[in-house]
Amino acid sequence: MEQETLSIGGMTCAACAGRIEKTVRKIEGVNTATVNLASEKLFVEYSGTQTLSGVKEAVVKIGYQILDKPKGTTVTIPIGGMTCAACAGRVEKAIKKLEGIESAAVNLATEKATVVYNPLKVRVSAVREAIEKAGYTALDFSKEGAVDEDKLRKEKEIRTLRTKFIVASSFGLPLLYIAMVPMIKIFSLPFPKALAPMNFPLIYALVELILVIPIIIAGNRFYTVGFKNLLHRSPNMDSLIAVGTTAAVIYSVYNIFEIARGSFHAVDALYFETAGVIIALILLGKSLEAVSKGRTSEAIKKLIGLAPKTAIIIEHGEEKEIPIDEVIPGDIIVVKPGAKIPVDGVVTEGNTSIDESMLTGESMPVDKKSGDKVYAATINANGVIRFKAEKVGSETALAQIIKLVEDAQGSKAPIAQMADIVSGYFVPIVCAIAVAAGIAWFAAASAGLAAVPPGKSTLEFALTIFISVLVIACPCALGLATPTAIMVGTGKGAENGILIKGGEALETAHKINTIVFDKTGTITEGKPEVTDVIVIGGGSLPPAYSPLRGLPAPPSAGTAAPEGIIDALSPPSPEDLLLQIAASAEKGSEHPLGQAIVRGAQNRGLEIFATESFEAITGRGIEATIRGRTVLAGNKKLMDKKGISLAALETDSDRLAGEGKTPMYIALDGKPAGIVAVADVLKKSSKAAIESLHKMGIEVAMITGDNKKTAAAIAKQVGIDRVLSEVLPQDKSNEVKKLQESGEPGRGATNRHRRFVAMVGDGINDAPALAQADIGIAIGSGTDVAMESADIVLMRSDLMDVPTAINLSKRTIRTIRQNLFWAFGYNTLGIPIAAGVLYIFGGPLLNPIFAAAAMSMSSVSVLTNALRLKRFKPAQEPKKREG
């Protein structure tokens, strides 16, 4: 399956988005299609080489535009020294010879070459060299590919809407004044005598017509799009406006003819100001909406803005500054103090500290030396380094984060499904209600069952109802309610180092009532250290033990097997000897505890012996052969499996476990030799994070392979509610599943309330459990496999980000519910009022102008409410009281 994101032009409301989704999903080869009205993008997952072109054709066919981005990178290079057409032809020919050039056009009049090229195959420097070799001068150039196409398009849209609104309001205000002042007798407002409707009705009517024409031209899009969709039997918001205002204008034009024929009373039946002011108000609403939409995607713009524009590479032994898009893997890049790292890579020379806060949120600079990884957009605090470029363009960590956030903002939350269903039927239903209400009131008034408002005819009365219903209905609010909140919510998360992968994850997170933390590297720092070494028998080794170092050949058959170990030529202490054996056996292990034992031996300056064989026993420990001796290192399960009695070590083991340390049993040739205890330091934020989760009513569990006593000791330190100990890695997902099936905390397994479980781990070892959980939360730098295995990725290793993520989800879902309540409530109340329900009971009749104002403000209010999420603050550790 392939994925593509297409920018769509011409959408105005939820009906448009729904129509595009419905059309695209019918195409063979399309798996999923989702339209985000707020960002105006279509996210499509498909298979087949021709499917994407079919999607584009289908979208264009139903009346919308595909706003394609240029495939290659475009550069305009000014050229000096050209004198005639032959020069231009020669330069063009020289450029086209280069591999990776998609097109090249030289304009002699402007003396510029416009080149479209593939940056992976050719650099601009090579194009400049080709021009120089042809005998001309390549001057400084500007890159069009670096421009944010979406930003330019949206800025142009805002400018266009503002201009149209200014035009519409410039003509709409005098039109409203002319139409309303003669009817207002209370105020003595100035009015031209030449336009007095009772004296010069035809001139009065023609002036109104002249004033409304520029307004109709300014709102021409409502008519072109609205009537086109009406003809395609898929009306949208534009259709409602187009039909309503057209009815008002046509009726008014008919009355001009009546005035011309001598029916001067028809001057009271002109509705040009209704059409004009409706269009002006809706253009105002659309302008405000466009500005608000732009603000919802500010988080993405900030992330894009982090990337540097140039890089200094070493070429032929010299430093050379080139555009960032020209950097290729393998380039050696120089970064000076205060400069940004341009791409991802590995340090080859120099030492420095790098501020990675823009990616991880960690405020402290990270020390870097040769062999360490560096990431694009991070800042070199001090020192000059050289590094080898490894990942460029869309492969960098920053680009992956941007892609992750964009995908999340394009996804839909399950809560939006009802709005989508309603939006699909909304406009046709509104049209039906408008027609039915208009006909019903006309019939009732004609039969004398309803009183016609003073100064109106029966037809005018029915027309007012018809227009008001069409204009007040607002499918926009329904379409914008969910995507705007998701865009702001996921963007705010990204700003705080919390990457939420989609609307579904965002919605599910607010339901979480149980969180399971992996112990190592999550609750603890993940950097365990050796704390105790205990040799069996209290430290005195029996003299019958054979030496391990300098040992002759292993005993032959029939010889009694050695019982243990004594020192050789330069004897270490019994504890060091045991640690030496354990470290030698663990040398090939990748487990954090095994690596801690190796580090502990190295820190004591102990020699590490070579192993003749090594086997890792998952969830239990290791078995190795050293100089013919079989060494076992692991937990109680391993010793039980091998039939080794631990009775002599039980007291020490229990004491160590009670202190929160992990006892690793060591056995030699099938007999117990001692214990190496390892402990991991708790993260500073662990206790505060768990306290915050408790305040939110969330039960906290810890899952670990440690024995019960060690796990219980650590759990007690941080306030864990439930401990799942001695769990093998492959069984973690089953434990999560058991929790999910056990019922909501405090209610028991038989209750109908489901337990929603989040799993917090490193995203690699815990991948099955992360997948099984309702929400998988991975902790890490955001640059490894964690991104693929979890629903939420925490860029920092700070556990306070877990309650922050849950709180952000709760706030976002609350905002979505508020938006949907407003959108549904507004339409549920507004449409009946416009249809004259209040008028039945002696209340007022809604003027179409007020209906238009209400409609414009409803979508703006939804956007404004979503933007309140930008004020969200992350959870903070409680400050300790002084004194």
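Seven is the count to start with: the structure holds 7 aromatic pairs (rings of Phe, Tyr and Trp, the latter by its six-membered ring, with centres within 6.5 Å; planes under 30 degrees apart are stacked, over 60 edge-to-face and the rest tilted). In one of them, the ring centres of Y251 and Y271 are 6.2 Å apart and the planes stand at 45°, so this pair is tilted. Y251 belongs to helix α8 and Y271 to the loop between α8 and α9 (272–296), so the pair ties together parts 20 residues apart in sequence. Y251, Y254 and Y271 form one aromatic cluster. Y251 counts as buried at 11% relative accessibility, and Y271 is buried at 8% (buried is under 20% relative accessible area, exposed over 50%, partly exposed in between, with a 1.4 Å probe and protein chains only).

Stay with helix α8 (residues 237–260), where you will also find T245; helices are DSSP runs of H or I with at least four residues, strands runs of E with at least two, numbered from the N terminus. T245 is buried, with a relative accessible area of 0%. Beyond its neighbours within four places in sequence, T245 is in contact (heavy atoms within 4.5 Å) with Y223, A275, I278 and I279.

How far can you trust all this? This is a predicted model, in which local features need pLDDT of at least 70 and side-chain atom pairs 80 or more, while totals for chains, interfaces and linings use all residues. Residues are numbered from 1 along each chain as its sequence is written, and side-chain values use heavy atoms, leaving out hydrogens and water. The protein chain averages a pLDDT (the predictor's confidence in each residue, from 0 to 100) of 81. Over residues 538–571 pLDDT stays under 50. Where pLDDT is low, the predicted coordinates should not be read in detail.
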